[in-house]
Amino acid sequence: MTSIKVPERVRELIHEVAAQLSKESGRSVPMAEAIVRMHGSFATERHRNRLAWEEAAQEVKDDTDAMARAQVTADRLNALLQARQAGR
Amino acid sequence: MTILGYVLDDTVLVEVGRGDFDVRALMVIFNQSDTRTSVPAITLAVAEASLSPDQRRVVRGMIDALDNVELALVSTQDEAARLSEVVARMIPPADMAAAHAIAVSQYLDWPILTMSRKRWAPVAAELPWRIELVEIRDPE
């Protein structure tokens with residue numbers, strides 16, 4: 001696993017948030033720190049995923065032909081849903 | 001007002017990951033037009049298994065970023081029971097990606113959106129119910 005150097009300020013913030021969490025929840029400081037780190041890594045992962053989608057989505061939005069074809073498909077699929085609903 | 005939408009199957013999720021422009025554009029337009037879509041978690045897991053880490057990021061990012069897309073979990077006894085009802089009628093080993101899509105489709109009363117009806121033929125042959133499928137590509 002690649003080790004990443006955590007900037008000093010981030011280290012301080014983790015300690016501060018963990019101390020607060022420990023105080024509020026009654027958990028030990030190391031446990032609170034583990035929770036803060038886990039959430040931090042989850043947030044980073046989530047951010048990367050969103051970024052990957054947003055880049056992919058921007059690419060398709062820039063492709064006017066793909067968007068036009070997709071609009072036709074979406075209209076057909078939405079019409080199918082409406083017709084299905086009306087038939088009930 | 002009744003909410004209308006589609007359940008996405010594994011073939012659609014795989015194409016989103018692999019970069020099919022038309023499918024990705026459709027997801028963007030569905031979001032703009034507020035067409036709801038549901039992604040069954042087990043179907044997602046099976047789809048992701050055939051994708052690279054970067055492709056998985058795109059699929060996960062789409063589910064997270066688009067307001068009209070909802071992940072359907074198996075986190076309650078009722079949800080497990082609905083899935084079990086479908087799995088029990090499949091010939092082992094059960095097609096879990098299909099089973100969860102069917103369970104969610106039956107519960108929400110939404111059709112399943114797929115890239116290929118052929119993918120569903122063996123599943124349909126095993127089950128006593130009609131599976132409501134809609135192919136993305138116009139059959140005409």
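A crossing of two helices counts as left-handed if the near helix is turned anticlockwise from the far one by less than a right angle, and as right-handed if clockwise. Keep that in mind for the close-ups below, which come from a predicted model.

**Close-up 1. Helices α5 and α6 of chain B cross in a right-handed way.** Here we're looking at α5(B), residues 77-87, against α6(B), residues 96-108. Their axes sit 9 Å apart, at an angle of about 120°, and the two helices are therefore oblique to each other. On the α5(B) side, the contact is made by B:Arg82, B:Leu83, B:Val86 and B:Val87. From α6(B) come B:Met96, B:Ala99, B:His100, B:Ile102, B:Ala103, B:Gln106 and B:Tyr107. Sort this contact by class and you get eight nonpolar, two polar and one charged residues.

**Close-up 2. Helix α3 of chain B also packs on α6(B).** This time the partner is α3(B), residues 41-49, and its axis is 7 Å from that of α6(B). The angle is about 150°, which makes α3(B) roughly antiparallel to α6(B), since angles over 145 degrees count that way. The crossing is left-handed here. B:Ala41, B:Ile42, B:Thr43 and B:Val46 of α3(B) touch B:Met96, B:Ala97, B:His100 and B:Ala101 of α6(B). That contact has six nonpolar residues, two polar ones and no charged ones.

**Close-up 3. Over in chain A, helix α1 packs against helix α2.** Helix α1(A) covers residues 8-25 and α2(A) covers residues 29-62. With an angle of about 120° and axes 8 Å apart, the pair is therefore oblique, and the crossing is right-handed. Look for A:Ile14, A:His15, A:Val17, A:Ala18, A:Leu21 and A:Ser22 on α1(A). They meet A:Val29, A:Ala32, A:Glu33, A:Ile35, A:Val36 and A:Arg37 on α2(A). Eight nonpolar, two polar and two charged residues make up this contact.

**Close-up 4. Chains A and B meet, with 35 residues of chain B in contact with 30 of chain A.** About 2800 Å² is buried between the two chains, and carbon and sulfur atoms give 61% of that area. On the chain B side, B:Leu4, B:Phe21 and B:Arg57 lose the most area to chain A, together 23% of what that side buries.

**Close-up 5. A:Arg46 and B:Asp64 form a salt bridge between the chains.** The closest N and O atoms of this pair are 2.8 Å apart. Zoom back out, and the count between chain B and chain A is six salt bridges.

Definitions and conventions:
Residues numbered from 1 in each chain as written. Chains lettered and ligands numbered in written order. Predicted model: local features only at pLDDT ≥ 70, side-chain atom pairs only at ≥ 80, totals over all residues. Heavy atoms only, no water. Axes fitted to C-alpha atoms, helices over the stretch in contact; angles between N-to-C directions. Helix = DSSP H or I, 4+ residues; strand = E, 2+ residues; numbered from the N terminus. Parallel < 35°, antiparallel > 145°, perpendicular 65-115°, else oblique. Contact = heavy atoms within 4.5 Å. Nonpolar A, V, L, I, M, F, W, Y, C, P; charged D, E, K, R; others polar. Buried area = accessible area lost by both parts, 1.4 Å probe. Salt bridge = Lys/Arg side-chain N within 4 Å of Asp/Glu carboxyl O.
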